[in-house]
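Please look over this model with me. My comments are set out by topic.

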Amino acid sequence: MSAGDPVAAFKTEADELLDQIEQDLLDLGGNLQDADLVNAVFRGLHTLKGSGAMFGFDKLAGFTHHCETAFDNVRKGRAPATAELVEVILSAKDHMSALIHQSDDDHEAASAEILGRLRAAIDIASDAPAPAPAAQAASPTPASAGGWRVQFYLPPDAMANGTNPLALVDELRDLGEAEVRLVTDRLPALDELVPTECHFGWDVTVVTDAPRSAIEDVFIFVIDDMQLDISPLEPAVEEAAAADVMTPETENVVAAAVSAASPVKGKPAEKSVENVRVPAERLDELMDRVGELVIAQSRLFQLAQNSIDMSLRSVSEEIGLLASELRDTMMVLRMVPVSNLFGRFRRLIHDLARDTGKIIELTTEGENVELDKTVIERLADPMIHLIRNSCDHGLEDAEGRTAAGKPESGRIHLRAQQAGGEVIISIEDDGRGMDRARIRAKAEANGLIQPGQVLSDQELLQLIFAPGFSTAAQVTSLSGRGVGMDVVKRTIESLRGQIDIESVEGAGSTIRLRIPLTLAIIEGLLVRVGEGRYVLPLATVEECIELSLEEDLRSRGRSFITLRDRLVPFLRLRELFATGTKPEAFQKIVVVGIGAEKVGLVVDQIIGNHQTVIKSMSPLHRNVTAFGGATILGDGNVALILDVAQLVALGQNQEERLRAAS
Amino acid sequence: MSASVLTVDDSASLRMAIRIALTGAGYKVTEAGDGREGLAKAQSERFDMILTDLNMPNMDGLSMIKEIRKLPTQTGVPIVFLTTESDDGIKQQAKMAGATGWLVKPFVPEQLLRVVQKVLGR
């Protein structure tokens, strides 16, 4: 680990600490008797206060101290944990975050307001300011004339507990010219001697101007447990104490014996797992390099394929293997569990429940599913919006629910699951479901659709994501926050993901976000259609079958194949892309699927696997929906990446139209 | 040879601040994020000194100090604990557990070095 900026590290750490405190508070809110949670909150606040003071966040430390004191009282049973207290500390947590990140602003009023509420919420008065660090009882005796005679016996366990008597004596020597005598009157007989205990006393005279407190400071860690006499040195009084006196040489011998008594190196214990914290930008940088490497590697592969040099080929293959392993390792490094994401919503639900007066229960599932860190970060805002929407419009209030024969408490369920190359995150509520008539009326009123226009159910529901659409009869403070559902959809699409809606009126809605596992590199299947080359994400490819010319001719007009008793629609990419070329004799159908939906794509040639570094399309091409991006091939040419979800939808539409026609 | 110090604290920023101060003064620093990890390190390597927080997850400082004092490999190793508590109760408890000394947070690097030099001796 390299040395970094401790203040920046403190801020990161404080954020994590505050998140943890928030989680614990929310848990505590659900179970006010849980002593472990009270302790956890206390510990978090305590650490925050301590580190805050270390790094110059004095206001934070002062403010946090009051919260800590409150929890200390709860912890010690002097005050009960109450819902009000949890609520106040939650506000305090937000305030602490402001004190950390906007440390220059004036927070006095807000601090005072929260502390006022805190005092009201806890029965015990907690107005004592942070006590000053313990001051040792220092007697302000003036400096003695000439120096001090210091006689002391250390507690028997002093050496075992790490106190080095010689270091203490050295410290006394540092104060001035000293004469040291070892006192051995308490040395037990050999058979009673415990070698790790300290049996000696010392008698030291120091000629110094230092005050008595300087002498006491030397013994600060042991002063309460030891026998210590400090007396001013009388001028010219030097008669020896009635104790045994050893020469300095003897003392050294004893010291050597003592230090030799400590055994050395033991057996190595099992190694604990170590974590290294790396700034996200460095990972991004590394990712870029890996991307470039993969492109360079595919050029090398191309060259090697055209070469007869066997050793070049084998090196190329080896590098190809390493590059793909490196890519996989890189991916794993960037993955974080969605629990990071889900955890943030507990507070949201808590606040939403408080603000709407509804009873809302949040349950989660599949928190261990992992996603690219960047994806997780970009998912947070859209999900907040969707959850707000579900709580605000989806869930009924307690009376409404009772009337509908449902339990009083509404439920929001967040689920993450991995399916092939994508992660499906769903937000389910058991509310009233979407009112299709109202959506239609609203869309017609806004001119999004023609009156009476025929729409599939999914198309109708998807209208809520159209720009300028809002189903809420009145914009509440919860959902009406400027960002519309269209922004949600755009964000998800920018992640190459898509949104499905399922909704049963009266029973609830499920919004499903399908997000590709990673943004940067995918394993692709390279195909040729006419002269152009295209990449299909390999994770979506289910199988490849041959489509003979006769079969193609026979099926014309009805683009279906029967695949194990199942009718699968197919699209002729040659026609779709208007290549202007004739169908080749042995076309292939690549069957791709998303979830349960399948569609066949007719291509001219399947070239093979291709590690695909995804480059996004220019803004000019953003509306060309059939493509999800572009990539650079080994020979420097560009291949477009097919957006399988869009093609599947296209195929399904075609299927529905044909079915409707027949 | 430079003295080796094991720092045990769950706060990475604090460990970083301590590391910067101690390595700057020529000490060799090993870090652990909680008592359990600190104990594991103490079991596998002899240090010249251990600097530990008290309030930590998994294993708190007091328990770690007690465990380390049972290790034959660490006999007499100075253990200094970090504390923000000003009441003597916690100090007494820590001393009973086997701590050598303490350092009150917040501290500046000079205070830290003074304590380290104090317990390590010349």
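1. Conventions. This is a predicted model, in which local features need pLDDT of at least 70, side-chain atom pairs count only at pLDDT 80 or more, and totals for chains, interfaces and linings use all residues. Residues are numbered from 1 along each chain as its sequence is written, and chains are lettered from A, ligands numbered from 1, in the order in which they are written.

2. Confidence. The scores are ipTM 0.87 and pTM 0.54.

3. Main core. The largest nonpolar core holds 72 residues. Such a core is a set of buried Ala, Val, Leu, Ile, Met, Phe, Trp, Tyr and Cys residues joined through C-beta atoms within 7 Å; buried means 20 or more other C-beta atoms within 10 Å of a residue's own, with C-beta atoms placed from the backbone. V41(A), M49(B) and I50(B) have the most contacts inside it. Helix α2 (residues 35-54) of chain A gives the most, nine residues; helices are DSSP runs (H or I, at least four residues).

4. Second core. A separate core of 36 residues includes L352(A), L379(A), I427(A) and A443(A).

5. Helix pair. The axes of α9 (residues 280-305) and α10 (residues 310-334), both of chain A, come within 9 Å and cross at roughly 160 degrees. Axes are lines fitted to C-alpha atoms over the stretch in contact, with angles from 0 to 180 degrees between N-to-C directions. The pair is therefore roughly antiparallel (over 145 degrees).

Key: Buried ≥ 20, exposed ≤ 12 C-beta atoms within 10 Å, placed from the backbone. Helix = DSSP H or I, 4+ residues; strand = E, 2+ residues; numbered from the N terminus. Parallel < 35°, antiparallel > 145°, perpendicular 65-115°, else oblique.
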